[in-house]
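Let's take a walk through a protein model together. Keep the picture open beside the text and look up each part as we get to it.

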Amino acid sequence: MAANRLDIDNATILDNIEEQQVEFTAEVDGDEYEFAVQYDVLEALSGDRPDADDNAVDMFNRFIDPITDASLAALARDDDATLIVVSENDLE
């Protein structure tokens with residue numbers, strides 16, 4: 001799959017502290033997918049690890065462009081997964 005546009009549903013952005021990831025739903029080419037961006041990705045982008053002060057969503061929003069690109073890379077890697085996990089390996 002070579003999609004180049006991912007539209008994040010901002011109402012679905014959720015910080016899953018227990019799993020250490022920010023989860024969201026996005027539409028790609030008319031299909032909806034569930035994504036999870038690991039805290040490691042946020043740390044790689046910001047230099048800081050999200051903490052208990054609920055700043056993971058703020059970090060997510062601050063780095064939305066590289067996260068969108070990484071999410072597309074993760075989707076291209078595994079578009080059959082129920083939850084597309086975005087890891088540091090998906091960053092360019």
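## A guided tour

With 92 residues, a compact globule would have a radius of gyration near 12 Å, and this chain agrees with that, since its value is 12 Å. The radius of gyration here is taken over C-alpha atoms, and the globule rule is 2.2 Å times the number of residues to the power 0.38. Along its principal axes, the C-alpha trace spans about 35 × 25 × 20 Å.

Before going further, a word on what you're looking at. This is a predicted model, in which local features need pLDDT of at least 70 and side-chain atom pairs count only at pLDDT 80 or more, while totals for chains, interfaces and linings use all residues. Residues are numbered from 1 along each chain as its sequence is written, and side-chain values use heavy atoms, with hydrogens and water left out.

Now for the parts. The chain has 3 helices and 5 strands, and from the N terminus on they run β-β-β-β-α-α-α-β. Helices (H or I, at least four residues) and strands (E, at least two) are DSSP runs, numbered from the N terminus.

Let's start with the strands. Strands β3 and β4 run antiparallel and are joined by 8 bridges; two strands count as paired if DSSP finds at least two bridges between them. As an example, find E23, which stands opposite A36 in β4. The two strands form a hairpin with 2 residues between them, and D29 in the turn has a positive phi of about 50°. On its other pairing, β4 goes with β5 in the parallel sense, over 4 bridges. There, V37 has V86 in β5 as its bridge partner.

While you're on β4, look for D31, which sits in this strand. D31 is partly exposed, with a relative accessible area of 41%. Here, buried means under 20% relative accessible area, exposed means over 50%, and partly exposed is in between (1.4 Å probe, protein chains only). D31 and D80 are 49 residues apart along the chain, and their C-alpha atoms are separated by 12 Å.

Next comes helix α1, residues 39-46, where Y39, V41 and L42 are buried. Why do they end up on the same side of α1? They cover an arc of only 155° around the axis, and that puts them on one and the same side. The arc is that of the directions from the helix axis to the C-beta atoms. What do these buried residues pack against? Their partners are β2 (14-16), β3 (21-28), β4 (31-38), α2 (56-62), α3 (64-77) and β5 (83-86). Just after the helix, G47 takes a positive phi of about 90°.

That leads us inside. Of the 92 residues, 40% count as buried. In soluble globular proteins, nonpolar side chains tend to be buried together. A nonpolar core is a set of buried Ala, Val, Leu, Ile, Met, Phe, Trp, Tyr and Cys residues joined through side-chain atoms within 4.5 Å. The largest one here has 24 residues, and those with the most contacts inside it are L6, F24, F35, V37, L42 and F60. Two or more residues each come from β3, β4, α1, α2, α3 and β5, with the largest share, 5 residues, coming from α3.

Zoom in on F24. Leaving aside its neighbours within four places in sequence, F24 is in contact (heavy atoms within 4.5 Å) with residues including L6, I8, Y33, F35, V37 and F60. Looking at the chain as a whole, among contacts between residues at least 6 apart in sequence, 42% join residues at least 24 apart.

Finally, let's visit the charged side chains. How many salt bridges does the structure hold? There are 4, a salt bridge being a side-chain nitrogen of Lys or Arg within 4 Å of a carboxyl oxygen of Asp or Glu. R5 and D7 make one of them, at 3.0 Å from N to O; R5 is exposed at 55% relative accessible area, while D7 is partly exposed at 35%. Another joins D90 and R77, at 2.7 Å from N to O. This pair links distant parts of the chain: D90 is in the segment after β5 and R77 is in helix α3, 13 residues apart. D90 counts as buried, at 7% relative accessibility. Salt bridges that share partners also join D40, E43 and R49 into one network. Within it, the closest N and O atoms of D40 and R49 are 2.7 Å apart.
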